[in-house]
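Biologist: I would like to learn how to read a model like this one. Could you take me through some features, starting with a helix?

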Amino acid sequence: MRTDTAPTISRHDYQPYPYRLPQVKLSFDLDPARTRVHAQLVFESASAGWQPLVLNGQDLELESVAIDGRPLRADEYVLQAETLTLHPRADRYTVDIVSVCKPEQNSSLMGLYVSGSQLFTQCEAEGFRRITWFPDRPDVMSQYQVVLRADKQKYPLLLSNGNLLEQRDLPDGRHEARWEDPHPKPCYLFAVVAGDFDCREEQARTQSGRPALLQVYSDRGSGGKTLWALECLRRSLEWDERRFGLELDLDRFMIVAARDFNMGAMENKGLNVFNSSYVLADKDTATDAAYRAIEAVIGHEYFHNWTGNRVTCRDWFQLSLKEGLTVFRDQEFSADMLAQGLSGAEAASARAVKRIDDVSTLRIAQFPEDAGPMAHPIRPESYQEIGNFYTATVYEKGAEVIRMQHTLLGEEGFRAGLEEYFRRHDGQAVTCDDFVDAMESVYVQKHPGKNLGVFRRWYAQAGTPRVAVDLRYDADAHACAVTLTQRCDPVGIEKLQDPPAEKPPLHIPFALGMLDRSGAALKPELDGTARDTVLLELREAQQTWTFRNVPERPVLSLLRNFSAPVIVEYERPDTELMLLAGHDTDPFARWEAGQELATRRLLALVGALRQGQDPAADTALVETWRRLLGDAALTPAYKARVLSLPAEKELLEKTSPMDPLGVVQARRQLRAQLGAALAPEWLSAYHSAQDAGDYSPDPLSAGLRSLKNLALSMLMAGAHPQAETLALEQYYGAGNMTARMGALSALVNHSKSPECAQALSHFYEQWQHDPLVMDKWFALQATAPGTTVETVRALMLHPAFSLRNPNRARSLIFQFCMNNLEGVHHADGYAFWAEQVIALDELNPEIAARLARAFDNWARFAEPQRSALRSALQSIQDREKLSRNVAEIISKALK
Ligand code: PHE
Ligand code: ZN
């Protein structure tokens, strides 16, 4: 049993650093076994009196430390496990530190580490302290000069932030590169890359005519797969200029792909390091979804250059300041790319596809988090390990909170607010409040007498609010009253609080429309103006709005475009949902209506299965799906979303107690029903959704492929006699990975035939040399029906498997533990999970802590799962040595 617990860091304990550090000089003698770093740091006092200088360090060997050139004796500094404390006696002084780190032994992939035969750094959030002793906090900003020395043959390329000043050869086959970054930055944005790479580059020009060299580096031999990434980078640059007037401030912008990387990518100034999965793509190895994801992540990191780097975070509690805002920006970028060249309803429907995907992500990843033991506001109040707070809440809900400000201010107002933010804070490390202040300065102009005071509570409050809707219709007055009532139940540690935590009402922008019984749009009148969509601003626990000129009792279209991250509660008959699914002019709300109808049906099925009943087939849903399938006005991409059933995890969230096996069975059964009942329609959709000729990842062709793949999997689900033949033909005849994967996953998920097994081994034979494709191969098997712990253990023995590579661990172990509900929800599944968390924790605490979160919501399961999960969690907690990362997750889960 462990007794030592890591200290909890509280948001309110923030203290400014007592020193400024304007200049940093670093010189590296790069060597995978032992890298020597010489840091020369010029400190200036920023407070009264001589304060001790406390520097962070981790897994470093100290060789020497000097102040103003005088080496310090061992009794002149205090060296502790993770700090080095000096006692300077001057207002301005230079500290020289020489230390050694060991990249080869660093499996955490934080700080300086080895990947293949290359060297990379990862510093966010607190990895710089693994490189040298330093004030490792985002509010200390400095200009960096960096010298890199290494063996020239092994590391022909030596990269760091900013501009390359000089490169020269040294004796003994070594060489040296000098880099200088003119922009002051916090150390978490520092980066070094060394190795042998392919490079694809392009000379771009910014809107004001400045030249900028755009480069994408990748493993030797993979340079053929970086065309799309470079294109995405150029489009990101142009988009930020067009949409927000933000121009690149660098002569050179580099992206480097790393095979071993903990996260998606990292926005280091001028030297972004990416997980190779978000860089490499060609038609034979990457799916349409991968192309879109690359676009989103390249956009995201590029947009950080302004929202994150030019203006950064004062402390890590403000993480959502940069992440929420930058996710919002990348979402808008992706939506604009989908809608390129379209206008009106077509553009709206194209953008809705992105909105649907983003809201689904929010519901699958963030809603459960917000209801579990790790629930936290988008600006957390406390943490033990900041690495645990790179969460769906900070990122995705954070983006929703920015989006609401965009909705409240409008596009122009939002842009004006952002401009004000940069006017005030360019070059600074600031807080979420500073951001809202800038937005508020615009909001108050448009809404005299009002402000964003209530809105700010979104930053402080955890939990998904619920908004209940009540409709009163007055036939004589042709008026209707809509009452919205909000509540937000206690979540996470709030549940343990006595007296209960106060959760005051939030400012919720609630977009609403009305339809008549024939499905035609009504234009309700509010305060004298008639509109298709009305934006209600709910700021109190309950408010009522009265609409005029409503000729009949309306069908409400609620929370259009998902105008706030809330759960809507409104009792209404299926017929209203069918009407909305067929006619709502808001494409998001239209999709939502179909999803709600399907959810009702699925939850009824889960209930029936639990009672051992086999309910009759459902006609309402089948008819709705039939009509949608035949609706020629819908784009294929949109249709594919509308016709997909809600994800297992979304449904799981709505069962109480959670019933994973029931959810899997119900979903499978309904897919089989829909597949069989609509077989002719699926078949004709399959045959008519032909993307023409050469592969292109454009939204229209990708939409056709996704509809075609959906149709194929529904035919397989419905056991159509031709389905397997079609799937095998599609698999072997595929001209791109999207078609190939679509066919293979339809096979693997629905068939046990020898032909299916053959296709799977064919896939392995063909792609075994491509790590990203092998990830897909592992993932497909990890999530397949019938896969058990034994299957996964066998796959772990495959020579291509390694726990050390995060992508590989994710593709097999995470996929099984998190996305194979049927496979994992047994005592042996839980034991396997606990074992893997522990094994990973030895190597890579960041990754281990993510896996550790798989069963956060264990207390919401029924017996026997509940007790089995508890003992699995307990078995982790009982370990003698746990990282701070995993310890925090497990202790919170068991509270
Ligand atoms: N800041 C990165 C992003 O969101 C994410 C990241 C965090 C990467 C921590 C690595 C380590 O773009
Ligand atoms: Zn980010």
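Modeller: Gladly. The expected span of a helix is 1.5 Å times one less than its number of residues. Bear in mind that this model is predicted.

Biologist: What span should helix α12 have, and how far apart are its end C-alpha atoms?

Modeller: Helix α12 covers residues 660-677, and its 18 residues should span 26 Å. The end C-alpha atoms are 26 Å apart, so the two values agree.

Biologist: How do I read which way the residues of a helix point?

Modeller: An α-helix has 3.6 residues a turn, so residues three or four places apart point the same way. In α12, the buried residues are Pro660, Gly662, Val663, Val664, Ala666, Arg667, Leu670, Leu674 and Gly675.

Biologist: What covers the buried residues of α12?

Modeller: The cover includes α8 (587-610), α9 (619-630), α11 (648-652), α13 (679-688), α14 (699-717) and α21 (821-824).

Biologist: How do the domain annotations look against the secondary structure?

Modeller: An unreviewed UniProt entry gives "domain: Aminopeptidase N-like N-terminal" for residues 26-189. That stretch is 0% helix and 54% strand, with its end C-alpha atoms 14 Å apart. For residues 574-895, UniProt (unreviewed entry) has "domain: Peptidase M1 alanyl aminopeptidase C-terminal". Here the chain is 72% helix and 0% strand, and the end C-alpha atoms are 41 Å apart.

Biologist: And what is the strand order in the open sheet of eight strands?

Modeller: The order is β6-β5-β9-β3-β2-β12-β15-β14, with mixed pairing. At the edges are β6 (70-71) and β14 (163-169), each pairing on one side only. Inside the order, β5 (residues 61-67) and β9 (residues 92-101) pair in the antiparallel sense over six bridges. Ile67 has Val95 in β9 as its bridge partner.

Biologist: Last, the ligand: which residues come nearest to ligand 1?

Modeller: Of the 13 residues around ligand 1, the nearest are Glu124, Met263, Met266, Glu267 and Tyr390. The shell divides into five nonpolar, four polar and four charged residues. Both β20 (265-266) and α2 (288-304) supply at least two residues of the shell, and α2 gives the most, with three.

Note on methods: Residues numbered from 1 in each chain as written. Chains lettered and ligands numbered in written order. Predicted model: local features only at pLDDT ≥ 70, side-chain atom pairs only at ≥ 80, totals over all residues. Near = placed C-beta within 6 Å. Helix = DSSP H or I, 4+ residues; strand = E, 2+ residues; numbered from the N terminus. Nonpolar A, V, L, I, M, F, W, Y, C, P; charged D, E, K, R; others polar. Pairing = 2+ DSSP bridges. UniProt positions renumbered as here; feature names shortened; annotations may be inferred. Buried ≥ 20, exposed ≤ 12 C-beta atoms within 10 Å, placed from the backbone. Contact = placed C-beta atoms within 7 Å.
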